[in-house]
Amino acid sequence: MHFGIDFGTTRTVIAASDRGNYPVVPSEDRHGDSHDYIPSVIAISGEELVCGWDAMELRGTPGFTRSFKRALSGQQVTSATPVRLGTTTRTVGEILEAFAQYVVSHLRRFQKDLADTSPIEVVLGVPAHSHHAQRLLTMAAFSRTGITVQGLINEPSAAAFEYTHRHARTLNSKRKSILVYDLGGGTFDASLVAIDGVGHTIVNTVGRPRLGGDDLDVILADLALASLGRSSDAFSATARTRLVDEARSAKEALVPQSRRIVIAVGDDDVTIPVKDFYAAATPLIDETLTAIEPLIGSDSLRDTDIAGIYLVGGTTSLPLISQTLRKKFGRRVHRSPLPSASTAVGLAIAADPDSDYALHDTLSRSIGVFREWDAGSEVSLDPLITPSTPRTATRIYRAAHNVGWFRYGEIGDDFSLIAEIGVPFTAELSHLSEDELRTVPVTRVTEGPLVHEEVTVDDDGIVSIAIDVDELGIHLRR
């Protein structure tokens, strides 16, 4: 059976592929109530990691943690990166694997109810600007559950599939692309997608990896404290989490007609005018508008081929979002009828072997390597793969030093390390480990061996590196 899994910062949504239909997979909490999402939360119960609805039963305890996915956006994150859970820590790898197992248990339960015994195959969604480590860790965690991960798709790209599935008639010879505006709990991404029938080509993508609904929750919580004159009060982590949870619930209850927001701060109920919250939140929304300017190229859609701006992601349920975009762009702004599920449905369409939908996605970040020159006295950045070049870069050259140090990374608004590799270029050093190589001074050699270096980015955005020094029998793979 085929599924699409939108692993979100605040909520994880699953859609199934069922004979051309793509229903959202329900999940039950411990009280038997059904929901169309799984909360992306974890907690510690004794020594055990618990996830989702089980973890929600532990709200208010020190080990309860929301938005743990944000740890994946760190530039140097690995599976061993520690995450603080109350008074203890767990690694990113442990947390991801536990959560993936929990999600897959819901898939198996759904499949069992349908008396379906076929293998489970999934397509996972990832933020468009997620780096190599985030993609690799996410895929590895779900693969370890025993299911087949067909691949990864950038979340706005998946939402474009859902748009075409629902709104194909809005596209014509003059209006043949859409802009997907995806504002979730922890990230903002936008993609300009050219559509030709079932063919989808990502023209360009922009994003902010740490901007989302979580930030709006903090803004609202801070307004509540300010209204009580308690902005400088010291709060425990548990009390602060409880307050932000209250703010999140109040925010999600807003409708266009809302005029006041009531938030409980301890024993006090605070009333905040909606207009005050919107005024405080507007700079964050303006940041998303600034981000999409390169995709539109003007202040109006009139002279573009963009059929519409499609609002997806749970945070776009906030009325301020659609109000702000419609004021700027008019009637061509459409909010998905299922903003929290749009990406999951698009992923299920991608997972469906009978859907015929095709996607040509582009890289949103460049791949480069820092190399040491002049006996290690200088370092330069050598771009290898960019959004406009092929996804494989090959270099063949003779080594000029006794040791080569290569620091591969993704280049966007920052530099995220993919791998640091030390390679011996002389027979005397060829038996040394990488740690031992760190103690060896870098010196010039007159006639170094031939080095074959190849870097490839696959369709899932995962980078593989091969360095071969045949004369020394060295063949490194990362």
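Visitor: Which residues of helix 5 are buried?
Guide: This is a predicted model. In helix 5, the buried residues are Gly213, Asp214, Leu216, Asp217, Leu220, Ala221, Ala224 and Leu225.
Visitor: What should helix 5 span, and how far apart are its end C-alpha atoms?
Guide: Helix 5 covers residues 213–227, which is 15 residues, so at 1.5 Å a residue it should span 21 Å. The end C-alpha atoms are 21 Å apart, in agreement with that.
Visitor: And what follows helix 5?
Guide: Gly229 follows helix 5, and its phi is positive, near 70°.
Visitor: New topic. How many aromatic pairs are there in the whole structure?
Guide: The search finds eleven aromatic pairs. One of them is Tyr37 with Trp53: the ring centres are 5.4 Å apart and the planes are at 45°, so this pair is tilted.
Visitor: Where do Tyr37 and Trp53 sit in the chain?
Guide: Tyr37 is in the loop between strand 4 (34–35) and strand 5 (38–39), while Trp53 is in helix 1 (residues 52–56). They are 16 residues apart, and the pair links distant parts of the chain.
Visitor: Are those two buried or exposed?
Guide: Tyr37 has a relative accessible area of 17%, under the 20% cut-off, so Tyr37 is buried. Trp53 is also buried, at 7% relative accessibility.
Visitor: What lies over the face of Tyr37?
Guide: Arg11 does, at 3.9 Å from the ring centre.
Visitor: Which residues do ring pairs link into a cluster?
Guide: Phe7, Phe68, Phe99 and Phe142. Over the ring of Phe7 sits the charged end of Lys69, 5.1 Å from the ring's centre.

How values were computed. Residues numbered from 1 in each chain as written. Predicted model: local features only at pLDDT ≥ 70, side-chain atom pairs only at ≥ 80, totals over all residues. Heavy atoms only, no water. Helix = DSSP H or I, 4+ residues; strand = E, 2+ residues; numbered from the N terminus. Expected span 1.5 Å × (residues − 1). Buried < 20%, exposed > 50% of the residue type's maximum accessible area, 1.4 Å probe, protein only. Phe/Tyr/Trp six-rings, centres within 6.5 Å; stacked < 30°, edge-to-face > 60°. Lys NZ or Arg CZ within 6 Å of the ring centre and 35° of its normal.
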